[in-house]
Amino acid sequence: MIRHSTLFFSFQPRVAIHIEKRSWRISRVLFSAILLLLCLGLPTSLRADTLTGTVKDPSGLPVAGAKVEISGENLAQPITLTTDESGKFVAPDLKPGKYSLRVTKDGFQALTAPAEVRGTLDVSLALSLAEQQTTVTVTAKASAYANSDSFYRQLRDIKLGSSYHCDNFTLPLDVGTFEFKSGTITFLAPVNGQETGAIFLGQGHFRLKPVLAIDTQEMIRRSGQEIAEEEFTEVVFRFSGSLAAQFSKIKSSPAEAPGAAGGAFEQWKSRVRHRREVPEGFTDGILQDETMDNVDADVLSAVYNPRHPGFINAYMTGAPHKDLRYFIRARTGAIPQLGSPEEVGLINCSGSGMDDGIWYSQHLFSELKAKTANSQEDRRLFSTHRYVIETVIGKNAHFASQAKITFEPLVPGDRVLKFGLLPTLRVARVVDENGKDLHFIQEDRKHDGSFYAVLDEAPEMGKEHSITVEYGGDKVLYDAGGGSYYVGARESWYPNLNGFGEKALYDLTFKVPKSNVVISVGKLQGQSEESGFAVSHWVTSVPVAVAGFNYGKYQRIEIPDTVTHYDIAGYYLTDLPDNLASYARGNGPLASMAPKSMTSYALEQARAQMQVCTIFFGKAPYENLAITEQPNFNFGQSWPSLVYLPISAYIDSTQRWRLFGTIDSNFTGFVQEVTPHEVAHQWFGHSVSWASYHDQWLSEGFADFAAGLYLEEATGPKWQKDYDEYWDRQKRRILDKNTYGIASNDAGPLWLGLRLISPKTPRAYQGVTYSKGAYVLLMLKSLMFDDQHTSDNPNQAFIDMMHDFISSHQTTPASTESFKAIAEKHMTKSMDLQGNGKLDWFFQEWVYGTQVPRYQFKYEVQPGDGKGVKVHVEITQSEVDPSFAMLVPVYADFGQGMMRLGQVPVVGNSTRPASFLLNLAPKKVAINVHKNILER
C-alpha cells in the first residue's frame with residue numbers, strides 16, 4: 001500500500017489506510033503473524049492452554065521486538081518469541097503448569113517473572129530502563145533553538161485578553177453558520193499585534209448545509225439528517241490575522257471575562273495537544289499521525305507572514321457532540337492529513353463512538369458555485385526539489401540521521417516549514433545553507449510533536465534554498481528475529497515535507513552493521529566499509545514521491561529480463577522470524593520452506609507482470625526493481641523500485657495447509673495476487689501519483705485491476721478459472737454485507753475514498769477503493785473492446801488510453817477528472833450513449849454513484865435467413881434508476897470455450913432484445929462470462 005500503496009489480507013475487518021497505519025491507518029500497524037494464525041484457526045493440537053502478554057516500557061508504551069523466553073518443567077527446551085509492534089506475544093499449545101518468563105531488549109534491564117498457566121493467561125510485563133543507553137547527543141547551543149522562538153513561546157503560553165458580550169450575533173463561514181444567542185466571547189492576547197483566537201461561552205447554534213447531492217447523502221449517513229445541526233455551549237476559535245476581522249462587529253459591548261473561559265481554554269489545549277499512542281478511532285488516526293497539527297506552530301506561520309493563506313478553526317463543545325470541529329483553510333486544505341486541497345471540513349471526533357468520522361470535506365462554496373473546484377489545486381507552501389540523507393543504523397536498530405532538504409517557496413513571505421517525521425525521532429539541530437542554527441519546533445512525542453522548522457527570514461521566491469536537519473531515535477525498525485526487521489515508519493523515517501503530494505530527487509547513504517543489508521529506492525551507486533560499518537549509496541535517477549528501504553540479513557539473486565530489460569533482483573532471508581521459527585523445527589509445517597526457490601518464483605511473477613504492464617501501460621520510469629521479503633505476514637507494499645512482499649508469499653500451498661489445518665480460498669487468493677498488485681504500483685501510485693483522497697482509486701484500484709490482468713495474460717492457456725475466481729472475490733468485497741448488514745458499496749461512492757471508513761463500515765475503503773476501483777477500469781476495458789476486430793489487437797483502444805494516461809501524468813498528479821478526460825479522448829462510438837462525446841453517464845454511475853444492476857438473460861437459437869443461424873437474446877436490467885445505462889457483453893461457446901460476440905446497451909429497468917447472425921450454432925450463449933461488468 002502506498003501510504004497507501006498497500007495490499008493486505010486479514011481475517012479481521014480490514015482497514016486500509018499505509019489506515020493500515022494504526023488500527024485505522026495501515027502505515028502504523030505491523031501485523032503479527034502469530035496473531036494471524038490464531039485468527040485463521042489452527043489445528044486442534046494447537047488449541048491447548050495459551051499464554052499471552054504485553055511488554056511495556058516505564059511510561060506504559062508497548063515495547064516491540066522484545067525477546068520473550070518461556071521455560072518450565074513441561075518444556076523440553078525454552079520457547080523464544082518476539083513481541084510485535086503492539087508489544088504483544090502469544091504462546092499457544094502449553095500444558096497446564098508453572099513457567100518462567102525472561103524478557104530482554106536492548107536499552108532495558110532483563111526481567112524475569114513467573115507465570116502459572118491454567119487455560120488462558122494474559123500477563124503485563126513492565127521493563128525498566130538500562131543504566132546506560134545509547135542516546136543522541138544534543139549540544140547546549142542546539143537545544144536552545146528547540147521550541148524557543150519568541151513568538152512561538154507567546155503562542156504556546158498565550159493568555160486571555162479582552163472579553164465582550166456576544167448576543168444575537170450571526171457569523172457565516174462558507175457553508176457553515178454560527179449563531180451566538182447569548183454569552184461572552186473572550187479574545188486571546190495579541191501576538192506581534194495580531195489576534196489569533198477567541199473563546200465563546202454561552203448558548204449558540206451551528207448549522208452546515210451541504211451544497212452538492214453527494215455531500216448531502218454523506219451527511220445523512222453520518223448524522224442521520226441532511227443538515228448538520230449542533231447546539232453548543234463552548235467554541236474555541238483559532239485563526240490567522242487575515243480572518244480576525246470576522247469578529248470585529250462583536251467588540252461593541254465590553255464584558256468581564258467569565259471565570260470559566262480559562263478552564264475551557266485549558267481543556268481545549270489538553271484535547272488538541274495530546275497524542276494517543278493507539279488511536280481510538282478513524283479521526284484519531286487521521287488527525288494524530290506524523291503530521292498532527294501543532295496549532296500554535298500553524299498560527300505562527302500567519303504571525304510571521306500576513307500574506308499566509310487564511311484559516312479559521314472552530315472547536316465546538318455541545319450537544320449531542322462533545323468535540324465537533326469546523327475548519328476552513330485556504331490552500332493547505334481543511335484537513336491536510338487527507339492530502340486534499342478541499343478548504344472546508346467538518347469532523348466529529350468521538351473516539352470509539354459510532355458517529356466518529358469526517359462529516360464534510362469540500363471546496364469553498366465560491367469555487368463550487370463558479371465550478372472551479374479542482375482536486376489538482378496546489379496545496380503546497382514549499383516545493384521540495386532534493387533530499388540528501390545520511391543514516392547510521394546501530395546494532396540495536398537505533399537511528400541517527402542527517403538530511404539536507406532543498407526546496408523552493410511557493411507562497412511569498414512564508415517562513416515555517418512543516419514536516420512529516422516519526423515523533424520518536426527527535427530533532428537535535430537545524431541549520432540553514434550557511435550553517436546558521438535555526439529555531440525549530442518539536443514538542444514531546446506524546447503531544448503535538450510534529451516537526452516544524454522556522455526560517456530566520458522569508459526565502460526569496462523563484463530560488464532554491466536548503467536546510468539540514470540532524471535527528472535520531474528509535475521505532476523505525478523492530479527486530480523480528482532471524483535476521484529480519486519490521487520497517488515501521490516507511491514514510492516518516494526522514495523529514496518528509498509534502499508526503500505523496502509531490503516528487504523529488506533522493507540521494508541516500510546508509511551505514512549499517514556489516515552483517516545486515518539495506519535495499520533502498522533508487523539505484524545502487526556504490527558499496528564500501530567504514531569504521532566497521534557497511535556503507536551503501538543509492539540515488540534516484542528521476543523524481544519520486546517517497547523514499548524507503550528494507551533491512552536485514554538478506555541474500556540476493558537476480559533474474560534476467562530479455563524482453564523489457566529491467567534489472568530485477570530478489571532479496572530473501574534464510575531464517576524465519578522468531579514468531580514462526582518454532583514451526584520450522586523438526587517436522588513442523590514450515591520445516592520444508594525453501595526461501596531461495598520461492599524467491600525465484602516471486603521474481604518470475606514480477607518479471608511477467610513487468611512485461612504485461614509495459615505492454616498495456618507503457619515503459620516504467622525505473623530501470624530496476626527489488627523484490628524483498630518482509631516478516632509481516634499479511635500485507636505487501638510498494639515503493640519506487642522497491643517491493644515489500646509478506647513472508648506468506650514465500651510459503652507454498654502445502655505448507656499453508658499444514659500450518660493452518662485448512663485451505664482458505666480467500667487467503668490463497670491474497671497470496672496469488674499480492675506480487676502482481678505491488679509490482680503494478682510501479683505504474684499506479686509511483687509513475688502516476690494521485691491528486692487527493694478522492695483519486696486514490698487511480699492507484700489502488702488500478703493496481704488491483706493489473707493483478708487481474710496478470711492472471712489473464714501471464715498464466716498460460718488455462719487462465720480462466722483463476723481469473724474468474726479473482727473477479728468473483730472482488731465482487732464479494734464490494735457487495736457482501738458485514739455484521740451490521742452493510743456492504744462496502746453501501747457506504748458510499750468510489751469518489752469518497754478514505755471517508756468511506758466508519759465504525760460500521762471499517763472495510764469499505766478496501767472494498768470500494770481497491771475492488772470497485774479495479775472493476776471500473778475492467779468495465780472500461782470491456783466497453784472499449786473491439787468486437788468487430790478492426791485492429792490486430794481488440795484491446796488496442798484501451799491500451800492507447802492507458803499509455804496516454806501514464807505519459808500525461810508524469811509530472812502532474814492524476815485526478816478523477818483528468819482520467820475521465822483521457823478516457824473520453826479514446827472512447828469508442830458505442831460508448832457515446834449520450835451523443836455528446838462524454839462519459840458522464842459512466843462516471844456518474846460507477847464513480848459518483850452506488851447502484852449495481854441485476855441481470856436476467858435468455859436466448860433462443862433460430863435458423864438464419866439462408867446460411868447460418870440467428871441467436872435472439874433478451875437482457876433484462878433491474879434495481880437501477882431509469883437513466884442507468886450499461887453495455888452488457890454477450891458470449892457464445894462453439895466447442896472451444898466462450899467467445900465474445902458483442903455488447904448490448906440496456907437503459908433503466910428494462911428488457912433489451914438483440915440478435916446475432918452466426919455461421920455456426922453455438923452450444924451455449926451467456927452474458928458477462930468473465931465478470932467483465934459488475935452485477936448483483
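The following dialogue sets values against definitions.

Modeller: This is a predicted model, in which local features need pLDDT of at least 70 and side-chain atom pairs count only at pLDDT 80 or more, while totals for chains, interfaces and linings use all residues. Residues are numbered from 1 along each chain as its sequence is written, and side-chain values use heavy atoms, with hydrogens and water left out.

Biologist: How many helices and strands does the protein have, and how are they defined?

Modeller: There are 18 helices and 43 strands. They are DSSP runs numbered from the N terminus: helices are H or I with at least four residues, strands are E with at least two.

Biologist: Why is Asp323 called buried, and why is Arg271 called partly exposed?

Modeller: Buried means under 20% relative accessible area, exposed over 50%, and partly exposed in between (1.4 Å probe, protein chains only). Asp323 has 7% relative accessibility, so this residue counts as buried. Arg271 has a relative accessible area of 26%, so this residue is partly exposed. Of the 936 residues in the protein, 60% are buried.

Biologist: How do you know that Asp323 and Arg271 meet in a salt bridge?

Modeller: A salt bridge is a side-chain nitrogen of Lys or Arg within 4 Å of a carboxyl oxygen of Asp or Glu. For the side chains of Asp323 and Arg271, the N to O distance is 3.4 Å, which meets that criterion. Asp323 is in the loop between β15 (311-319) and β16 (324-329), whereas Arg271 is in helix α5 (residues 259-273), so the pair ties together parts that are 52 residues apart in sequence. The loop between β15 and β16 also holds Pro320, and the peptide bond from Ala319 to Pro320 is cis, with omega near 5 degrees.

Biologist: What does the salt bridge between Arg273 and Asp296 tie together?

Modeller: The side chains of these two residues meet at 3.0 Å, N to O. Arg273 lies in helix α5 and Asp296 in helix α7 (residues 295-304), so the pair ties together parts that are 23 residues apart in sequence. Arg273 has a relative accessible area of 14% and is therefore buried; Asp296, at 1%, counts as buried. Both belong to a network of salt bridges that also links Arg156, Arg238, Glu443 and Asp448. The whole structure has 47 salt bridges.

Biologist: Where do Glu824 and Lys820 lie?

Modeller: Both are in helix α17 (residues 816-826), four residues apart, about one turn of the helix.

Biologist: Which residues of helix α4 are buried, and against what do they pack?

Modeller: In α4 (residues 213-223), Ile214, Asp215, Thr216, Glu218, Met219 and Arg222 are buried. They pack against β12 (197-208), β13 (228-239), β17 (344-348) and β18 (357-362), where contact means heavy atoms within 4.5 Å. Gly224 follows α4, with a positive phi near 85 degrees.

Biologist: What makes a group of residues a nonpolar core?

Modeller: Such a core is a set of buried Ala, Val, Leu, Ile, Met, Phe, Trp, Tyr and Cys residues joined through side-chain atoms within 4.5 Å. The largest has 116 residues, and Phe617 is among those that touch the most other members. A second, separate core of 60 residues includes Ala397, Leu417, Ile467 and Tyr485.

Biologist: Why does Ala397 count as buried?

Modeller: Ala397 has 9% relative accessibility, so this residue counts as buried. Ala397 lies in the loop between β19 (382-393) and β20 (399-409) and has a positive phi of about 70 degrees although it is not a glycine.
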